[in-house]
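Subject: Handover of a structure

Dear colleague,

Please find below the structure that I am passing on to you. My notes on what was found in it follow directly after.

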Amino acid sequence: DHRRRGKRETNNDHMLIYLNLILQIITLSASANKLSKIQERAEEYAALIMEELDPDNLGFIEIYNLETLLLQAPTQSTNLASDSRVLSQVLSQKLVPTKEHNPLRRLSRGMQYFVEDNWRRIWVMALWIGICAGLFTWKFIQYKHRAVFHVMGYCVTTAKGAAETLKFNMALILLPVCRNTITWLRSRTKLGVVVPFDDNINFHKVIAFGIAIGVGLHAGAHLTCDFPRLLHATDEEYKPMRQYFGDKRPDDYWWFVKGTEGWTGVVMVVLMATAYFLAQPWFRRNRLALPKTLKKLTGFNAFWYSHHLFVIVYVLFIIHGYFLYLSKKWEKKTTWMYLTVPMSLYACERLIRVLRSGSRTVRILKVAVYPGNVLALHMSTPQGFKYTSGQYVFVNCPAVSPFQWHPFSITSAPGDDYLSIHIRTLGDWTSQLKTVFSKVCQPASSDQSGLLRADVPCNNNRPRLPKLLIDGPYGAPAQDYKNYDVLLLVGLGIGATPLISIVKDVLNNIKQQKEMEDGVVESDIKSNKIKRPFATERAYFYWVTREQGSFEWFRGVMNEVAEYDQDRVIELHNYCTSVYEEGDARSALITMLQSLQHAKNGVDIVSETRVKTHFARPNWRKVFKHVAINHPDQRVGLFYCGAPGLTGELRRLAQDFSRKTATKFDFHKENF
């Protein structure tokens, strides 16, 4: 008995030693890979290892058993498990870069590829440049044949040519921001085939640059050239100018500045320059290291308020265009002719937004604050509110600011009985919004996701919640996903929001398809109560994030896909970049724990979902290769939302695979 008791005590000592050692290894490994949740559950995972390596419950494990388990390599590739080796090798040979030694052929091929990828942008830009050049030339020639040319020379022709392009561009710049019109055109017409609606904001910026050039030419030619020439003209030269400037010749520059034409022009230039510079990324996103006093004058708020100075600018622009020095007849004062239609359209747009947003006060159903400073809001769907996955809404919270409206992607799907958005706090407005809603939240219970929650009941015991207004929906690049049978969705961090809506929509259609096959809703289909789902053959979703807590944002969606998608129509790939890549000794224990936990409980230790998480960053070339081999002779819709750093690589890979393989990739970048 004494010997048995001594042996049992020795075994217990071994177990305690090894358990403590395993706890330390798990804690250190989780800390090195920035996985705080694994650190919190280190004891549970240590017990899991003991259970695996001590099946006979002897009370101890041998070191070599732990080493063997750690050194076991994954038995299958995460990306190319089902790929044919022969096809993979053939594809790899096609994708080997080949250098064209003939510079003319190399240039010709480059131009051909550029035109293929950008032909819609090219014709729009060519048309715009052509119109601007035509207007400039027309006015230039017109004033060259007038009497003022003999006094002011090419200065006045340049100023008037630039002024004509300014009229056109000041009218045109309003059209790319008419969101309702663009959403209707891209959703209800086929114009999206030839018009790059995705580039509306970029085109708006290009026109703004064109306006800056026009202002520079117009003001520069007046102030530095034709006005000085007029001041220094002889009495004989000034005679033809009396009908425009009066019998007495102007004495100095002040005469021009104090006139209506002068002060309106100066004020416009100041306001436009302010709005233009505060709209630049380094000001709008607070990228400059400025003192605190100056930093308050930049940021999104400064951009938003300065851009709304356009109302004053357009009023001054019309006045400036009416009081002209060299045109006295009303039919020659054409500024109003350019502006009437665009300004009326834009005014109607703003009126619709005001009326619609005023009647769309939503009821908050759920509030959740997640790790990574993310606020999730679930709202009631307003009556008559119809949207497509990938679209976005503007949100206003009077408790934060009664004037500011901010855009956020919709994360719910059209088939859901609620409307949801996920907001990451990156600026003043979003931080204040999170603070306002956090006040009505309570710490989440053990069976709930998130740090703070507020699940609003339907009875009269509802907490007092901030008022929320929405306006939309508005079109976005991601809404074109229904045009493709195969989807490749790539989201970085919070950029996954519009893509999650697409995944949910595909999942809802999978459910509906099963119901249709089971004959559950056949009567509803015949009566047109339910539309037949779109035919999405396959969807690949790659979500890359650096924080483990981010996976809580859409944990329910991940589990729902894993549960209902038995045919693997949706292929989910989560990547946590804080973890060292698979095969690295620093993540070996995490890999082992992941395999054990998933095999036993079907849950991933990193994402805490049923979807296994990959480590480090994806090999994007392998991802494209995987899709290309699985879908030859098909067109794949590639939708990306995230930081701009990855845009270039994905676009290059899409072009490379489209040119060298039978699979064509159409790249769509969400404005983020």
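Which residue in E14 is the bridge partner of arginine 635? The partner is lysine 664. Strand E13 (residues 635-641) and strand E14 (residues 664-669) run parallel and are joined by 6 bridges. Between them the chain passes through helix H26 (residues 647-660), and this β-α-β crossover is right-handed. A crossover is given that name if, with the strands pointing away from the viewer, the path from the first strand over the helix to the second runs clockwise. Helices (H or I, at least four residues) and strands (E, at least two) are DSSP runs numbered from the N terminus, and two strands pair if DSSP finds at least two bridges between them.

Some words on the basis of these notes are in order. The model is predicted, so local features need pLDDT of at least 70 and side-chain atom pairs count only at pLDDT 80 or more, while totals for chains, interfaces and linings use all residues. Residues are numbered from 1 along each chain as its sequence is written, and side-chain values use heavy atoms, with hydrogens and water left out.

An open sheet of 5 strands shows antiparallel pairing in the order E5-E2-E1-E7-E6. Its edges are strand E5 (419-424) and strand E6 (442-443), each with a single partner strand, so one side of each has no neighbour in the sheet. Within this sheet, strand E1 (residues 364-370) pairs with strand E2 (residues 374-379) over 6 bridges in the antiparallel sense. Lysine 366 has histidine 378 in E2 as its bridge partner.

There is 1 disulfide by the rule used here, which takes a pair of cysteine sulfur atoms within 2.5 Å. The disulfide joins cysteine 155 to cysteine 225, with an S to S distance of 1.5 Å. Cysteine 155 lies in helix H8 (residues 154-172) and cysteine 225 in helix H10 (residues 200-231), so the pair ties together parts that are 70 residues apart in sequence.

The UniProt record, an unreviewed entry, lists residues 122-141, 262-283 and 303-323 as "transmembrane region"; such annotations may be inferred rather than shown by experiment. In the model, residues 262-283 are 91% helix and 0% strand, with end C-alpha atoms 30 Å apart. Residues 303-323 are 86% helix and 0% strand, and there the end C-alpha atoms lie 31 Å apart.

The backbone has two further points to note. Glycine 472 and proline 473 are joined by a cis peptide bond, with omega of about 5°, and proline 473 is in strand E8 (residues 469-474). Lysine 34, although not a glycine, has a positive phi of about 55°; this lysine 34 sits in the loop between helix H1 (2-32) and helix H2 (36-40). Most residues other than glycine have a negative phi, and most peptide bonds are trans.
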